[in-house]
Amino acid sequence: MDLLSVGVFVVYLASLLAIALYAFKRSKSTSDDYFVASRSFGPIVLFLTMAATNFSAFTFFGFAGAAYKFGLAYYGIMGFGTGFMALSFYFIGKRVWRLGKEHGYITPSELIGDRLKSDSAGIIFMAVMVVFTLPYLATQAIGGGIALDQLTDGAVSYELGAVIVTFVVLAYVLIGGMRADAYTDVLQGVMMIVTLIAAVGIVSAGLGGFTEANTRLAVEFPELVSRPGGKGFFTPQIWISYMLLWTMCDPMFPQLFVRFYAARDERAIKFSMMMYAPVTAILFLGPVLIGAWGNLQFPGLTGTMTDNILPMMVGEFAPAWVLGIMLSGAFAALMSTADSQLLVLSSMLTRDVYRKWLRKDADQRREFIVGKVLVVVLALVGLGIALSSVETLFETLTKTTFTGLAVLFPTTVAVLYWKRVTKWGCMASILAGELTYAGFYFKVIPASMSYGFLPVIPVVAVSVAVLVIVSLVAGREPDAGTAEANAAH
Amino acid sequence: MDLLRSKWFWFCAFAALFVLSIDLWAWDWSWSTVFGVPYIIVWTVVLEAALFVMYVLFVRYYWTDDTGGEA
């Protein structure tokens, strides 16, 4: 274990806490400020907090591990797919921001429940978000455990690493809420970009140069430099599935959804959308190159070991003290996602459960305190899942979170745009989608029923069909507020 | 400029870019380009550059404050 390397990392963590204290001094003790920073984020802060929140432990570890197994074609799916997803900042983000500002919404389910005039629909929407975000939260602690284990040559175990990362995130979320979350994201976003570019330079130099590394990969592992990729992973159906998966699930990440509320104006959302294409092009290229190059230095890794390939490669070629800086970038990615997830899960439980069902007369001050307590509880739940997980980050997320959240996409779009949508249509859509997903997950429905696509395609198709049919059959209720009401704003 | 203010133009443009990303005609191309970078990486960078230009034009000419009623 290199003390200088660990020292660099400790300084980085201390910087985050210092930023959180600065945010705390500017904050107010209200739920509106704690959860959505009084809707004050300008273009730069909004863009960097969106990007830092979107790029998680999966980007650094799971994605590099997937590129190790399946090859460079993963760049197209992740880089362009995520850049293309930013189109939703217009057709979802713009309206969510506008409605949030006019009605004071803080959580995603408040918008859904209020527009449909149905607490039940809001609760179902919230429950799905909470259930499927918890595994995602856990993967951040898993990534932290992996990175600290690597940084300290095993002196800090995976389990202890996960605990340390969880408690650091907990500390600055408790101190400064969304404001601290976003301010630290600015530092973390810059850290991610700089360290990834540096990591590509260091690793490629160690492999004999950038051109040499690519040439060797093409000669020694030709299946990894084109589709269909390693193990024939990439088929046209898989390709289309992932492109649609990101477009449908990313805006349904509650931690991204609430950032639309936090924007100061539309200009901030527009700027974030424009910058998403270049930032995804840069941020996803590093992990995929290093992951695929990993086959040259560490061939034959299997299972969860593939998630370690990025820190292994950096550790192999970077001077020991540089490793601390490099891995700070990885921590930046995972902590900036974990803090946002903790905050938004806490806000949903505080606003949609505590205030709505348990204490209807709770004022903003009380919500603020309950929100902090829930942040602690949720962090411990995420940590518990992380310590019991045995799957790779890639498997954990693609099998659970992404598809589970994509089911909410049809409901969200319908609530924002379709005049004839009803609460019954939305509730039936969500339940039918999740049941279909469970059928695929537990193999009750044979995989062949997806015709080579990922389950998300038939699952969302079922959701859309049920939404339309039930809404039309159930008929529109006189007081239901949806797109008609929106149009009037 | 009127074209850039048309909903259908943007619908077709983004749909076309999506279809281009699935470049079936080059599904198994593996040839290397500059610095040994394989085709699939270069193609993705080209797509990202095109996407950036389209977003800039979209925000400049279409996403104005009075487009709230359009999907």
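Predicted model: local features only at pLDDT ≥ 70, side-chain atom pairs only at ≥ 80, totals over all residues.
1. Domains of chain A. For bookkeeping, residues are numbered from 1 along each chain as its sequence is written, while chains are lettered from A and ligands numbered from 1 in the order in which they are written.

2. Where the domains meet. On the domain 1 side of chain A, 23 residues are in contact with 25 residues of domain 2 of chain A; a contact here means C-beta atoms, placed from the backbone, within 7 Å. Helix 6 (88-103), helix 7 (108-116), helix 8 (119-151) and helix 11 (236-249) of chain A are the elements that give two or more residues to that side of domain 1. Helices are DSSP runs (H or I, at least four residues), numbered from the N terminus. Helix 11 of chain A provides the largest share, 6 residues. By class, this side of domain 1 of chain A has 13 nonpolar, 5 polar and 5 charged residues. The classes are as follows: Ala, Val, Leu, Ile, Met, Phe, Trp, Tyr, Cys and Pro are nonpolar, Asp, Glu, Lys and Arg are charged, and the others, Gly among them, are polar.

3. Helix 7 against helix 8. These two helices of chain A pack at about 155°, with their axes 7 Å apart. The axes are lines fitted to C-alpha atoms, for helices over the stretch in contact, and the angles run from 0 to 180 degrees between N-to-C directions. That makes helix 7 of chain A roughly antiparallel to helix 8 of chain A (over 145 degrees is roughly antiparallel, under 35 roughly parallel, 65 to 115 roughly perpendicular, and the rest oblique). Their crossing is right-handed, that is, the near helix is turned clockwise from the far one by less than a right angle. From helix 7 of chain A come Pro108(A), Ser109(A), Glu110(A), Ile112(A), Gly113(A) and Leu116(A), which meet Asp119(A), Ala121(A), Gly122(A), Phe125(A), Met126(A) and Met129(A) of helix 8 of chain A. The tally for this contact is 7 nonpolar, 3 polar and 2 charged.

4. Helix 18 against helix 20. In chain A, the axes of helix 18 (residues 408-417) and helix 20 (residues 456-474) come within 8 Å and cross at roughly 40°. So helix 18 of chain A is oblique to helix 20 of chain A, and the crossing is right-handed. Phe409(A), Pro410(A), Thr411(A) and Ala414(A) of helix 18 of chain A make the contact with Val460(A), Ser463(A), Val464(A) and Leu467(A) of helix 20 of chain A. Here the residues divide into 6 nonpolar, 2 polar and no charged.

5. Most residues other than glycine have a negative phi, and most peptide bonds are trans. The bond from Arg227(A) to Pro228(A) is cis, with omega near 10°; Pro228(A) lies in the loop between helix 10 (210-220) and helix 11 of chain A. Lys231(A) is found in the loop between helix 10 and helix 11 of chain A, and has a positive phi near 60°. Ala37(A) has a positive phi of about 50° and sits in the loop between helix 2 (31-36) and helix 3 (43-54) of chain A. Buried or exposed? Ala37(A) is buried, with 27 other C-beta atoms within 10 Å, while Lys231(A) is exposed, with 10 C-beta neighbours inside 10 Å. The cut-offs are 20 or more other C-beta atoms within 10 Å for buried, 12 or fewer for exposed, and partly exposed in between, with C-beta atoms placed from the backbone.

6. Tyr105(A). This residue is in the loop between helix 6 and helix 7 of chain A, and is buried, with 23 other C-beta atoms within 10 Å. Leaving aside neighbours within four places in sequence, Tyr105(A) is in contact with Leu99(A), Gly100(A), Glu110(A), Leu111(A) and Tyr261(A).

7. Chain B on chain A. How many residues does each chain give to the contact? Chain B gives 29 residues and chain A gives 35 residues. Helix 1 (7-21) and helix 2 (39-62) of chain B are the elements giving two or more residues to the chain B side. Helix 2 of chain B has the largest share of that side, 11 residues. The chain B side divides into 20 nonpolar, 6 polar and 3 charged residues.

Technical notes:
Contact = placed C-beta atoms within 7 Å.
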